[in-house]
Amino acid sequence: MNASVPRTALVLSLAVLALASPAARGSALAPIRLRVDMTEAPERVLHAHLAIPVRPGEVTLFYPKWIPGEHGPTGPLVNVAGFTVVASGKPLEWKRDLVEMYAVHVTVPPGTKTLEVAFDFLLSTSTEGYSYGAGATPNLAVLNWNQVLVYPTGTPPEDLTYAASVKLPAGWKYGTALPVAHATGGWVEFKPASLVTLIDSPLNAGRWFREIPLAPEITPRHYLDLVGDSRESIQITREQEEKFSRLVREANQLFGAHHYRDYHFLYTLSDHVPFFGLEHHESSDNRTKERVLVDKDDFLRAADLLPHEMAHSWNGKYRRPADLATPDYATPMETDLLWVYEGLTQYLGWVLAARSGLLSPVEAREYLAQAAAELDNEPGRMWRPLLDTAVSAQFLYQSGFAGSSWRRGVDFYEESLLFWLEADQIIRAESKGQRSLDDFCRRFHGAPSTGPTVKPYTFDDVVAALNEVQPYDWRGFLTERVTQVRAHAPMGGVTRGGWKVTYSDSMSAYQKSLESARKRLDFKYSVGLYVTDKGEILDVYPKSPAAKAGLAPGMTIFAVNGKQWTDDVMHQTIRAASHTREPMDILAKNGDDYATYRMVYTGGERFARLTRLEGSPDFLGETLAPLAQKTSASAR
Ligand SMILES: [Zn+2]
């Protein structure tokens, strides 16, 4: 997964779910029929109907709770409405479990062979969150099957077969990795698939749709399935298309094998859906702004989104921490190895973005500078070790910006990027340039090619695989970086790569672009403020000039030294104060109260950059150099 802020649900005792349901057992091999009517998706409701083979007795129906890739109990149960269970034409009473909200108990009467379950799924309108955020507009929709089904407990989800079909609004087209059986009468019927494969195979659809084959010389096939809120939004340029094709080539070159039948980037472009990506074995559900293909700032902001999600097919889906490879959608996940699952993926997404040209070499370095500076300056690292950010993922994902510098957020993404880069640089140095972390990926994630399957691992397996590539104290290296509270971010990868993080008084083009796309302004390393372009304070660094002035998250800045707030006024005022040595008066609103806050700071603006370490070779450049160009003939 990639991006910001989900919500959480209660983690409850699941003892009841551990009990196999005898009524369901034995009928597991008969397919469950699932029909999803999406014709009212623009009105934000999906109609689901299931026909579930059963035997008489007690049956527990479960709504998926722990969603793979979201690393938390995020199944959107709250959006289920109109739930009915019918047997032989008669409504049956159902009872929600008193402890496990996602479970419903039904007594199946004698003679019943099939339960008819129907409900509506009320699509969210929130542009916050992940797959449970907004998924439909008048022009498009994304279907995540976990939201429109229940399953009988007692049979492993891998052994439950679903024959699923959907009806789309007239004229809409769709993309999905789920193999299609046939389409008739407005319904698209899919080939029967296990519950695991079904939930792993979302669909995007819309009025404006394009499916673009990528890197067509490579087998298996790869597709970019574009759905947008306007005709213009899906007009991809040849240059952009080529970058995505290069991504496919680079990923295949990096891993040397694959674990999907074919691969679909489902790319949904709308200002009315959350900005995020969710990985699957054979596809990824990527959602960004409507104008991402038109606006260069939005395109740059999303540069590592598709690379990150694609890398997950290998790192996260195929190779998965054993405690994240749970047997069903009820068992809580243990997330302590997310620094591999997400952290290594963050590293690979960045590397692949650079190798495919989605990030230029300068932009790739700027990206690294931002990550390194942010973590290096974060006061929360004084109390919370990185490991705890991973263990706490299920509540940190939805913790928001306020207080995030002191609390810490899901830092296991970018801080892990830093030390995976360090690991890469150590392997390059110790092997005298013969090997790199690429070799680890080929060994750990690569051959033999398979269909979608999960090969779980433990911390010991990671250490062993690293040692097979290059003997080193990997156990000590990783343990220290993950478990120790450290005042500063791990910069070894940057410095071994021939660079260092420095601070400049002017913003780079990359930073300006990101600010413009995110509509958030970064004054963190000068006065300690993180604000929206409207002056709303998102976070204040403890002990910073802003904090000492009394500013706090949740306030809104209206004026700076008597001038109406704009980002330019704020920048100019901070710069001017370095010459005038005068304090800055910030007029801000806190609740209903306005007050002026006097901020004392004369250090000028500070923006992170990467600058060369004198006399040291640019090993970082070697890490980020394309692989596939050199050997493109062999990929054909
Ligand atoms: Zn991810």
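Is Val531 buried or exposed, and what is its relative accessible area? Val531 is buried, with a relative accessible area of 0%; here buried means under 20% relative accessible area, exposed means over 50%, and partly exposed is in between, with a 1.4 Å probe and protein chains only.

Before I continue, a word on the source. This is a predicted model, in which local features need pLDDT of at least 70 and side-chain atom pairs count only at pLDDT 80 or more, while totals for chains, interfaces and linings use all residues. Residues are numbered from 1 along each chain as its sequence is written, and side-chain values use heavy atoms, with hydrogens and water left out.

Let me stay with Val531. This residue belongs to strand β28, residues 529-532; helices (H or I, at least four residues) and strands (E, at least two) are DSSP runs, numbered from the N terminus. Setting aside neighbours within four places in sequence, Val531 contacts Arg520, Leu521, Phe523, Glu536, Ile537, Leu538, Ile557 and Trp565, where contact means heavy atoms within 4.5 Å. Pro553 is 22 residues from Val531 along the chain, and their C-alpha atoms are separated by 8.8 Å.

Two buried loop residues come next. Gly380 sits in the loop between α8 (361-376) and α9 (386-391), and its relative accessibility of 0% makes it count as buried. Beyond its neighbours within four places in sequence, Gly380 is in contact with Ser405, Trp406 and Arg408. The C-alpha atoms of Gly380 and Arg407 are 5.4 Å from each other, although the two residues are 27 residues apart along the chain.

The other is Glu282, in the loop between β22 (276-279) and β23 (283-288). Glu282 counts as buried, at 2% relative accessibility. Not counting residues up to four places away in sequence, Glu282 touches Ala177, Asp200, Tyr260, Arg261, Asp262, Tyr263, His264 and Pro452.

I turn now to the helices. How do the axes of α5 and α7 cross? The axes of α5 (residues 305-314) and α7 (residues 343-355) come within 8 Å and cross at roughly 125°. Axes here are lines fitted to C-alpha atoms, for helices over the stretch in contact, and angles run from 0 to 180 degrees between N-to-C directions. The angle makes α5 oblique to α7; under 35 degrees counts as roughly parallel, over 145 as roughly antiparallel, 65 to 115 as roughly perpendicular and the rest as oblique. From α5, the contact is made by Pro307, His308, Ala311 and His312, and from α7 by Thr345, Gln346, Leu348, Gly349, Leu352 and Ala353. These residues divide into 5 nonpolar, 5 polar and no charged. In this scheme Ala, Val, Leu, Ile, Met, Phe, Trp, Tyr, Cys and Pro count as nonpolar, Asp, Glu, Lys and Arg as charged, and the others, Gly among them, as polar.

Helix α7 also meets α12: their axes come within 7 Å and cross at roughly 70°. That makes α7 roughly perpendicular to α12. Gly343, Leu344, Gln346, Tyr347, Trp350 and Arg355 of α7 make this contact with Glu414, Ser416, Leu417, Trp420, Leu421, Asp424 and Arg428 of α12. The residues involved divide into 6 nonpolar, 3 polar and 4 charged.

Which residues of α14 (residues 459-469) are buried? They are Val462, Val463, Ala465, Leu466 and Val469. Seen down the axis of α14, these buried residues fall within an arc of 165°, so they line one face of the helix; the arc is that of the directions from the helix axis to the C-beta atoms. Their cover includes α6 (338-341), α12 (414-430), α13 (437-445), β25 (455-457) and α15 (474-483).

Finally, some points of backbone geometry. Most residues other than glycine have a negative phi, and most peptide bonds are trans. The peptide bond from Thr219 to Pro220 is cis, with omega near 0°, and Pro220 lies in the loop between β19 (208-214) and β20 (222-228). The bond from Ala447 to Pro448 is also cis, with omega near 0°; Pro448 is in the loop between α13 and β25.

Ser88 has a positive phi, near 50°. Ser88 is placed in the loop between β5 (80-87) and β6 (90-92), and is exposed, with a relative accessible area of 62%. For Arg581, phi is near 60°, again a positive value. Arg581 is in the loop between α19 (567-580) and β32 (584-590), and is exposed, at a relative accessible area of 54%.
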